[in-house]
Amino acid sequence: QVQVVESGGGLVQPGGSLRLSCAASGSIFSINRMGWYRQAPGKQRELVATITFPGSTNYADSVKGRFTISRDNAKNTVYLQMNGLKPEDTAVYYCNAVSKGGGSWGQGTQVTVSS
C-alpha cells in the first residue's frame, strides 16, 4: 500500500518557474516507477514525466527542455522542476506511483500560469 501527496502548486507568470513535490509513504520499496500527470478542466489526463527506480526518465514532448523530474530517496520524494512555464501548462498536476499491484494517485495540486 502506497500513498502519495503533492504540493508546490500555485500561480506564476509566463516564463516563471515552480517546483512540485510528491511525498510517498507506505510500502515505498514496492514502487517501480513514479511520475507526474496533469489534467486541465474538461480534458483528458496526460503524462508529463516519469522516473523509474533505477533513475531513467521520460518526458512528454511538450515539456522537454523545460521540466525536470528528480527524486530524493532519503525523503521518499519526487520533484518536478518546471521552468519557462507557459499558459498551456495550466492544469491540476497529479503524482502517480506504480507497483506490481497497481497505481496510486494523489489528490493533485493546481498550477496556473497567467499574467
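Modeller: Start with the largest pocket: its volume is about 300 Å³. A pocket here is an open set of points on a 1 Å grid over the protein atoms alone, where a 1.4 Å probe fits, with protein on both sides within 12 Å along at least five of seven lines. Volume is the space filled by probe spheres set on the points, which are joined across faces, edges and corners.

Colleague: Is this predicted or experimental, and how are things counted?

Modeller: This is a predicted model: local features need pLDDT of at least 70, side-chain atom pairs pLDDT 80 or more, while totals for chains, interfaces and linings use all residues. Numbering runs from 1 along each chain as its sequence is written, and side-chain values use heavy atoms, without hydrogens and water.

Colleague: Which residues lie nearest the centre of the largest pocket?

Modeller: I28, M34, F53, R71 and N73, out of 16 lining residues. Lining means an atom within 4 Å of a point.

Colleague: New topic. How many helices and strands are there?

Modeller: Zero helices, eleven strands. Both are DSSP runs numbered from the N terminus: helices are H or I, at least four residues, and strands are E, at least two.

Colleague: What is the strand order in the open sheet of four?

Modeller: β1-β3-β8-β7, with antiparallel pairing. Pairing takes at least two DSSP bridges. β1 (2–7) and β7 (67–72) are the edges, each with a single partner, so one side of each lacks a neighbour in the sheet.

Colleague: How many bridges join β1 to β3?

Modeller: Six, with β3 covering residues 18–26. Q3 sits opposite S25 in β3.
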